[in-house]
Amino acid sequence: MTDSPERPETAPRDQYTHGHHESVLRSHTWRTVANSAAYLIPHLEPGLTLLDVGCGPGTITVDLARRLAPGRVVGVDASAEIIEHAAGLAFDKGVRNAGFQVGDVYSLDFPDESFDIVHAHQVIQHVANPVAAMREIRRVLRPGGVFAARDVDYGGVMYYPKLQGLSEWMTVYRDVHYWNGGDPDAGRALKAWARLAGFSAVESSASIWCFANAIEREWWGESWAVRATESSFATHAIEAGVADLTELRAMAAAWRQWAADPDGWFGMPHGEIIARK
């Protein structure tokens, strides 16, 4: 891959690397506005309408809906199963201004200029054609509307201790991510892609997830230990020919070793943008 923000208009694959295994949902349901979209908070005002693209299990969406009430909030995701989960969460939490539907970021089922805000968390890294996706997002934004995106940048991930198994995991993860048509270093390119997509003003920022104390290490390490052998990541790694089951089991063991180490530390940097139409 080059440093150019340009991506092909078509790609051999365009698939979600992680899938929806329980170990994946375990981490996704931890996400809130505070820990995953704090950069957007200054732009949230009651009554605004918002589209949450790639909403997943809906924890961020429901949190946004609470903050924007009575404004309408819609979450879309490619998985019907996940949409059902998100709708159930909104119902259980008594959040009535949030709705959910199956959707495709390349062809959103909404008229032009439908929303004040479009939010995408950990989405753009997984699409094969990020500029095309952003152009479609721009279409459904009202003039002056905000597109807010946040994506991890795996090129800057940091961890301690420097376990060989985690180094191998990182190499395999990046290979799988590229094989699926995405870009594991998307965080640093969000600004460039948004400008290519036609957004007139783009503000950039960065933030980090850090997992270091015993509870955080156990939660994050065990999540990835299971993902390494049981989630779609494992299936894709084997299909892509970048790891076999023995190697994936070694990665899982390394994650558990890291989680048990009181000196364990893991940092994930994220790029963020606020782009105006």
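**Close-up 1. The largest nonpolar core of this predicted model holds 31 residues.** Leu 51, Val 118, Met 134, Phe 147, Phe 199 and Ile 273 have the most contacts inside this core. Several elements each give two or more residues to the core. The strands among them are β1 (50–53), β2 (73–77), β4 (115–121), β5 (141–152) and β8 (265–276). The helices are α5 (130–140) and α7 (190–196). Helix α5 gives the most, with five residues.

**Close-up 2. Helix α4 spans residues 80–92.** The helix has 13 residues. From first C-alpha to last, α4 reaches 18 Å, close to the 18 Å expected at 1.5 Å a residue. After α4 comes Gly 94, with a positive phi near 70°.

**Close-up 3. Helix α4 has a buried face and an exposed side.** Ile 82, Ile 83, Ala 86, Leu 89 and Ala 90 are its buried residues. Seen down the helix axis, these residues fall within an arc of 120°, so they line one face of α4. An α-helix has 3.6 residues a turn, so residues three or four places apart point the same way. On the other side of α4, Glu 81, Glu 84, Phe 91 and Asp 92 are exposed.

Close-up 4. Ile 208 sits in strand β7, which runs through residues 201–211. Ile 208 counts as partly exposed because its relative accessibility is 44%, between the 20% limit for buried and the 50% limit for exposed.

Technical notes. Residues numbered from 1 in each chain as written. Predicted model: local features only at pLDDT ≥ 70, side-chain atom pairs only at ≥ 80, totals over all residues. Heavy atoms only, no water. Helix = DSSP H or I, 4+ residues; strand = E, 2+ residues; numbered from the N terminus. Buried < 20%, exposed > 50% of the residue type's maximum accessible area, 1.4 Å probe, protein only. Expected span 1.5 Å × (residues − 1). Arc of directions from axis to C-beta. Core = buried A, V, L, I, M, F, W, Y, C linked by side-chain atoms within 4.5 Å.
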